[in-house]
Amino acid sequence: MRLRLPTDEEWAACAATLSHYGCPPDTLSREALRVREGRYREVFSGSLAVLAAVDACSCIPLSLGRKEGELRADSFLPSLELGTVLYPVATRNTVALDAPRATLFLYGRDVFREHLPVGLPLGRKLVGARGAFLGFGIYNGRTLANIIDKGAYVRQFE
């Protein structure tokens, strides 16, 4: 479970996710990322000074910086924390919901096509309302399916 820099393939998966949402390539710095392998590969970011200290010691920290997401097969699944960073700078694949639909989305519900912008392309979306990031969804032409939202943290303990 040692921390390491992302491989070229892992970095390409991260960069492809940034590109999908139209975010600048420098939103994430490869040098500031570390991958921790366990049951799955987690991607963390931290300050370069802290990372240099961690890289120099033989210990494995329990926590390091912000969890940016997970690498599964050849794709990168961004975390809700990274979604919060990406939403304000994203230029593609975002959906802004009105207040009633935002509430439904935060309760884990899907949003029907009638309540979405006309001409919305299919695929993964960053979902927000009033400039705030709410979660991730997938639009299939009929509904914006809720993948995960910020309300999931609360619902998992009910």
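I take buried to mean under 20% relative accessible area, exposed over 50%, and partly exposed in between (1.4 Å probe, protein chains only). With that cut-off, I count arginine 101 as buried because its relative accessibility is 18%.

**Ground rules.** I am working from a predicted model, where local features need pLDDT of at least 70, side-chain atom pairs count only at pLDDT 80 or more, and totals for chains, interfaces and linings use all residues. I number residues from 1 along each chain as its sequence is written, and side-chain values use heavy atoms, with hydrogens and water left out.

**Entry 1, arginine 101.** I found arginine 101 in helix α4 (residues 99-106); helices (H or I, at least four residues) and strands (E, at least two) are DSSP runs, numbered from the N terminus. I see a salt bridge from arginine 101 to aspartate 98, at 3.2 Å from N to O. My rule for a salt bridge is a side-chain nitrogen of Lys or Arg within 4 Å of a carboxyl oxygen of Asp or Glu. Aspartate 98 is partly exposed, at 37% relative accessible area. Beyond neighbours within four places in sequence, arginine 101 is in contact with Val111 and His115, where contact means heavy atoms within 4.5 Å.

I get a count of 10 salt bridges. One of them joins glutamate 42 and lysine 67 at 3.2 Å, N to O. This pair links distant parts of the chain, 25 residues apart, with glutamate 42 in strand β3 (residues 41-45) and lysine 67 in strand β4 (residues 66-72). Glutamate 42 is buried at 11%, while lysine 67 is partly exposed at 24%. I also note that both belong to a salt-bridge network with Arg36, Glu70 and Arg72. Elsewhere, arginine 4 pairs with glutamate 10, their closest N and O atoms being 2.8 Å apart.

I define a nonpolar core as a set of buried Ala, Val, Leu, Ile, Met, Phe, Trp, Tyr and Cys residues joined through side-chain atoms within 4.5 Å. The largest has 20 residues, and Tyr21, Phe76, Leu86 and Leu126 touch the most other members. I see at least two residues of this core from each of α1 (8-20), β2 (33-37), α3 (80-86) and β9 (132-139). The largest share, 4 residues, comes from α1.

Which count of disulfides do I get? I get 0, taking a disulfide as a pair of cysteine sulfur atoms within 2.5 Å. For cysteine 14, the nearest cysteine sulfur is that of cysteine 23, 13 Å away. Cysteine 14 is buried, at 2% relative accessibility.
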